[in-house]
Structure formats: structure tokens, C-alpha cells
Amino acid sequence: MTDEPTPPPPAPSRPESTSQPPVLPAQPAGRNPLAGYQPLDGDPDFPNVLNKLLKKPLSLVHHLETSEESGRIPLRLLGITLACLAIFGVVVGSFSGGHQLWAAPVKIMGGLLFSGLICLPSLYIFTCLGGLEAKFRTIAGVMTALIALSSVLLVGFAPVVWLFSVSSSSATFLGFLLLALWLICSGFGLLIVTRAGRALGMRNTSHLGLWCVVFLMVTIQMTTTLRPILGPAAEHFINFREKKFFLQYWSEQFQAESDAAARVP
Amino acid sequence: MAIFSCGPADTIPALCRGERGLLSDWIGGTRRGSLRTCALLIVLGCGCYGFTVGLWHGWRMAGYVAVKLPAVIFLTLLLNGLLNGMLALVLGSGIGLRQSLQFLLTGFATMSIILGALSPITFFATLNTPPPSDPAAAQWHAMILLSHTAAIAFAGVVAHQRLLSYLCEFADTRRAGAHTFIAWLSGNLFVGAQISWILRPFFGTPGLAVQFLRPDPLRGNFYESVLTALRNLTPL
């Protein structure tokens, strides 16, 4: 017995798998996609889950797949999501104030969770098409991890959003900024999905790439469905009467903004 | 002969992963209920997806297409069943009539699973599309048509890739399996297109009434309409 630190345990094999372990091409040092797919250090409490979500998200995926008591992690991730989106939503709602201070967080939370819910069946099927052998609850956990990480990163951008919301009066500009930030944050979240897929044995991740595009389109369309999130509150909480595709809506907003700017002497 | 034991809930991921054990049991007849399982998956998957296809024209049209989309598959297999089996035998694949049906149902079941998984998303998209009474309804109709065609094409390509790999593995030779696949695909596309024509409308042209079938559904055919459209496009 020595005082030297013990090396981290190797990534465990999957004894009940009937498929061959993934054969990965030679990777440069430090770019092994399976790096981090190891048992979770410590208890799955809130601080540790948040810490691992940022540093070693694959350890959460490992716990989801191998532990019999894996239900706590999705609940923790859901709690992190709701807290972060509530904070971010208040910052967004502060642009207009009034009812938007509560309406914006509610719409952002509800919209993102609903988007995850309707995209979950296709995520499970597309991962199966790629050869992944994992339980449905693991995939559901990966989805919550994706949304949770995106939400945490959005909170990181909240001061930036606040800065532009107090120094700009253009809802269109702020809207484009929020969409761009969402694309950045969700990009990190979607990386978890692809890395988790490889770690869990997916041979072909091309279907996941397609699913990522669909997920992004659903979330962006959700912002249009639940409008207004920026700008003054409307008569109805959600406008079910006027239906618009997000491209159409944003082009109209941009055109209106350009016309208004052209009229200013 | 290995027995692949999996419950109904495991059949879906096993089909998507293309697990050979499941299909071996089905083809070998060691696992009963395979035809019933595949038929059920087609009804549920294509039914849910068809519902979202027709939803743009309202709940009645949604119900009609939920019935018609699985019907296209079943009618195609019914009309081509004997032909598919005979082609498989004459092309030297060694695959019999029942096995031919099993292969094709497995392929269509895989396609139906993919479409069923996409149906929550297409349902959401349809709810967000302006109604047929919108002034730009023609453009929305074209967008709906193209997006659903892309989704069905994607599901069909993935499912048929699986079918080809199954055939090449289970046939007596890979070459015979590939030839059988091409023969089945050609025949089913040819007949399936005409059955789709007879069972129209699926998407529903704005301005036309919502009907289960158009008047005189057996008048004309898909290929004549394509030829007419091509003639209208060219000055010749």
C-alpha cells in the first residue's frame, strides 16, 4: 500500500451487451470521446450534479445507465433547469417589465420542457437506429442533461442579456441576440447527446446530427408559438389564433424594424 | 437455433437496432406473433403519423389519413404478396412466401416506428401552420407536402437500408438478396404509387372539400397524371 493517489477506475465494460464494444479510430491524445464515461464521484446531490454537469457530464450518463437508483439524477437536473430558466426568464422579462416579469419565465420554462418532451421519442428511436443499446430512462436522462446544461449556460449569459436589455429599446435586436445565445448554449448541450451516444455504443451518429437540427427548429419555433416573450404583454397569454412559422415571423419583425428606422429623419 | 426472447416493449428498439437475433427467430418461425406485431406497429406508427398529415384540414381529415396511410402499406403487400414471394424464389434467394411477407412487414414496421416517433414533432408543426383559409395557403400546402415527403422518404430509406442488409444476410447469396430487394422495391413502388393515387387525398388541396376519397377514385392513374404534368411543363 502506498500513499500515491489511486488511478481512476477504467471505463466499465457493459456485460449484458450483445453488441461489440465500439471500435474507435485512433484519436489524438486528449480527444477520446469516451473520456469521462466513468462512475460518478460522490453522491448525486444538487451541488455534485451541477458540478459534474459542467465538468464531466458523461459520468452522469454512466450513473443513469448503470445505477438502479438513477431516478434522482433526472429530478436534480430538472430542478436545475427550472431554477436556471426562471432566473434567465426574469432577466428577459425585465426588458418590458410588468406582466412579462412572470410571463417570460413561465413561457421559457414551459416551452423548453415541452420541446424536450415532444422530441424525446424521436431521440430514443434515432439513437436505436444508430445501434445504441441503452434503456429509455437513460435517454430521457440524457435529454434532461441536454436541457439542464443549456439552461445553466443561459444563466451565464444573463448579465450580457441584461446589459443589452437596459441599453437597447429594440425587441427585434434583443430577440436575435437571444436566439443566437440559445444556439450557442444548446450547441454545448447537444454535444452531450452525441458524446453520450458514442459512449453508450452508437456506431453511427449521423442520425443524431439530423435529430439535433430538428430539436433546434422545434425550440426556435416554440419561441414564436409562445410570443410575445420580449416586448409588451399581449391580450392573450398565448396567441393560438395567429399562427406563424418562425422564419416568417422574424422576417416580418426585421422588415418592420427596417421600415421604422427608415422613417426616422 | 437461438431463441431471441424479448417482450413487446423490447421489439421496437431491437427492430431499430437491426438485431439479427430477433429477425432470425421471426424468419425461422421460432417466435410466434411476428406478423401480428409488425402489423400492429404499422397501424400505430403510420396511423399516428397519418393523423398529423391530415390535421391541417381538421380533425376529420386527420382521422381519414390515420386510416389510409397504414392502408396503403397493407393493400400494397396484399396485391404484391404473391408476386414478391415468387420473385424471391425465382431470383435464387431461397426465401419463401411467408418469409417474404415477414421481411417486408419488418421493413415497413421499422419505417412506421420512425414515423411514429416523429409524429409529436409533426403534430406540433401542423398546429403552428396557418390554416387552409389563410391567403398564402397554397405556399403552406407546398411546404407541408415537401416536409412530410422528406420525413417519409427519410424513414423509408432507413427502413429499406435495413431490409437490404437483412436480405443480403439471409438469402442464399448476397447477390440474390440484392436482386430480390431491387425487385421488391420496384414492384412495391409501382403498385404503392397507384394505391396512393386511388386513396387520395392525403394532404388535401386548399379549396377542395374534405373527403375520404375523391369522386371516381378509380378513374385515371398516377402515371397518367405524371405524364400529363410533364406535358404541361414542356412546350412539346
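Of the 265 residues of chain A in this predicted model, 39% count as buried. The secondary structure of chain A consists of eight helices, with zero strands, so that, by the definition of these elements, the order from the N terminus reads α-α-α-α-α-α-α-α. Among contacts in chain A between residues at least 6 apart in sequence, 72% join residues at least 24 apart.

Among the elements of chain A, helix α4 (residues 100–129) has the highest mean pLDDT, 94, whereas α8(A) has the lowest, 82. Over residues 10–31 of chain A, pLDDT stays under 50, and for this stretch the model has 14 contacts beyond four places in sequence. Where pLDDT is low, the predicted coordinates should not be read in detail.

The buried interior may be considered next. In soluble globular proteins, nonpolar side chains tend to be buried together. The largest nonpolar core of this model has 110 residues. Those with the most contacts inside this core are A:V92, A:I125, A:V142, A:A145, A:L146, B:I113 and B:I114. Helix α5 (residues 97–127) of chain B contributes the largest share of the core, 13 residues. For A:A145, one of the residues with the most contacts inside the core, the partners can be named individually: leaving aside residues up to four places away in sequence, A:A145 touches A:L53, A:P57, A:L60, A:L77 and A:I192.

An α-helix has 3.6 residues a turn, so residues three or four places apart point the same way. After α2(B) comes B:G29, whose phi is positive, near 75 degrees.

Two cis peptide bonds, one in each of the chains A and B, remain to be located. In chain A, such a bond joins A:R227 and A:P228, with omega at about 0 degrees. In chain B, the peptide bond from B:R200 to B:P201 is cis, with omega near 10 degrees. B:P201 is found in the loop between α7 (174–198) and α8 (222–233) of chain B.

Terms used:
Residues numbered from 1 in each chain as written. Chains lettered and ligands numbered in written order. Predicted model: local features only at pLDDT ≥ 70, side-chain atom pairs only at ≥ 80, totals over all residues. Core = buried A, V, L, I, M, F, W, Y, C linked by C-beta atoms within 7 Å. Buried ≥ 20, exposed ≤ 12 C-beta atoms within 10 Å, placed from the backbone. Helix = DSSP H or I, 4+ residues; strand = E, 2+ residues; numbered from the N terminus. Contact = placed C-beta atoms within 7 Å. pLDDT = per-residue confidence, 0-100.
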